[in-house]
Amino acid sequence: MSTNYEVIVDGEPIHLGKASGGWPFNFQGHPERGVVDYESWLALAASGRIVDEYGAEVTLAELEDVVARHRSYRAERRYHFSQVHDGQHDDARGNRFSNYEFC
């Protein structure tokens with residue numbers, strides 16, 4: 001099972017990323033908005049109302065908890081993160097950002 005998260009800023013939904021069972025959180029990068037690492041991603045997430053794909057509102061603290069729980073999966077799925085594909089990058093903390101649309 002997986003869950004996508006968005007932040008609503010001025011009525012516009014902006015994809016934040018996806019939590020999938022057994023996998024690290026997949027962060028949605030937005031280089032055109034300056035979202036290229038965890039700190040800039042947090043600033044974006046804090047800039048509006050966060051909702052999951054089912055319409056449930058999520059606090060920033062709850063989303064950070066989701067991310068933290070999924071961080072432990074990175075070591076378990078090392079092979080999945082061994083290669084950075086085109087349109088992806090890892091930030092200094094090792095978070096994987098995809099700079100293309102996904103769901």
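Reader: Where is aspartate 10 found?

Author: This is a predicted model, in which local features need pLDDT of at least 70, side-chain atom pairs count only at pLDDT 80 or more, and totals for chains, interfaces and linings use all residues. Residues are numbered from 1 along each chain as its sequence is written, and side-chain values use heavy atoms, with hydrogens and water left out. Helices (H or I, at least four residues) and strands (E, at least two) are DSSP runs, numbered from the N terminus. Aspartate 10 is found in the loop between strand 1 and strand 2.

Reader: Is aspartate 10 buried or exposed?

Author: Buried means under 20% relative accessible area, exposed over 50%, and partly exposed in between (1.4 Å probe, protein chains only). Aspartate 10 has a relative accessible area of 81%, so the residue counts as exposed.

Reader: What is the phi of aspartate 10?

Author: Strand 1 and strand 2 form a hairpin with two residues between them, and aspartate 10 sits in the turn. Aspartate 10 is not a glycine, yet its phi is positive, at about 50°.

Reader: How many bridges join strand 1 to strand 2?

Author: Two strands pair if DSSP finds at least two bridges between them. Another puts serine 2 with serine 20. Strand 1 and strand 2 run antiparallel, and the number of bridges is eight.

Reader: Which residue of strand 4 stands opposite glutamate 6?

Author: Strand 1 also pairs with strand 4. They run antiparallel, joined by four bridges. Opposite glutamate 6 stands valine 51.

Reader: How many residues of strand 1 are buried?

Author: Strand 1 has eight residues. It is largely enclosed by the rest of the structure, because the buried ones number six.

Reader: Which residue in the turn between strand 2 and strand 3 has a positive phi?

Author: Strand 2 is mostly covered, with seven of its nine residues buried. Strand 2 pairs with strand 3 in the antiparallel sense over two bridges, and lysine 18 stands opposite asparagine 26. The two strands form a hairpin with five residues between them. The residue in the turn with a positive phi, about 85°, is glycine 22.

Reader: In what order do the strands lie in the sheet?

Author: Seven strands form an open sheet, and the pairing is mixed. Strand 5 (57-58) and strand 6 (88-90) are the edge strands, each pairing on one side only. Strand 3 and strand 7 (residues 96-98) run parallel, joined by two bridges, and glutamine 28 stands opposite serine 98. The order is 5-4-1-2-3-7-6.

Reader: In what sequence do the elements run from the N terminus on?

Author: The protein has three helices and seven strands. From the N terminus on, they run β-β-β-α-β-β-α-α-β-β.

Reader: Is valine 35 buried or exposed?

Author: Valine 35 lies in the loop between strand 3 (26-28) and helix 1 (38-45). Contact means heavy atoms within 4.5 Å. Not counting residues up to four places away in sequence, valine 35 touches Gln28, Gly29, His30, Ser40, Trp41 and Leu44. Its relative accessibility is 3%, so valine 35 counts as buried.

Reader: How far apart in space are valine 35 and asparagine 99?

Author: In sequence, valine 35 and asparagine 99 are 64 residues apart. In space, C-alpha to C-alpha, the distance is 9.4 Å.

Reader: At what angle do helix 1 and helix 2 pack?

Author: Two packed helices are described by the angle between their axes and the distance between the axes. Axes are lines fitted to C-alpha atoms, for helices over the stretch in contact, and angles run from 0 to 180 degrees between N-to-C directions. The axes of helix 1 and helix 2 are 10 Å apart, and the angle is about 145°.

Reader: Which residues of helix 2 make the contact with helix 1?

Author: Helix 1 contributes Tyr38, Trp41, Leu42 and Ala45. From helix 2 come Leu60, Leu63, Glu64, Val67 and Arg71.

Reader: How many of the residues of the protein, as a percentage, count as buried?

Author: The protein has 103 residues. The buried share is 42%.
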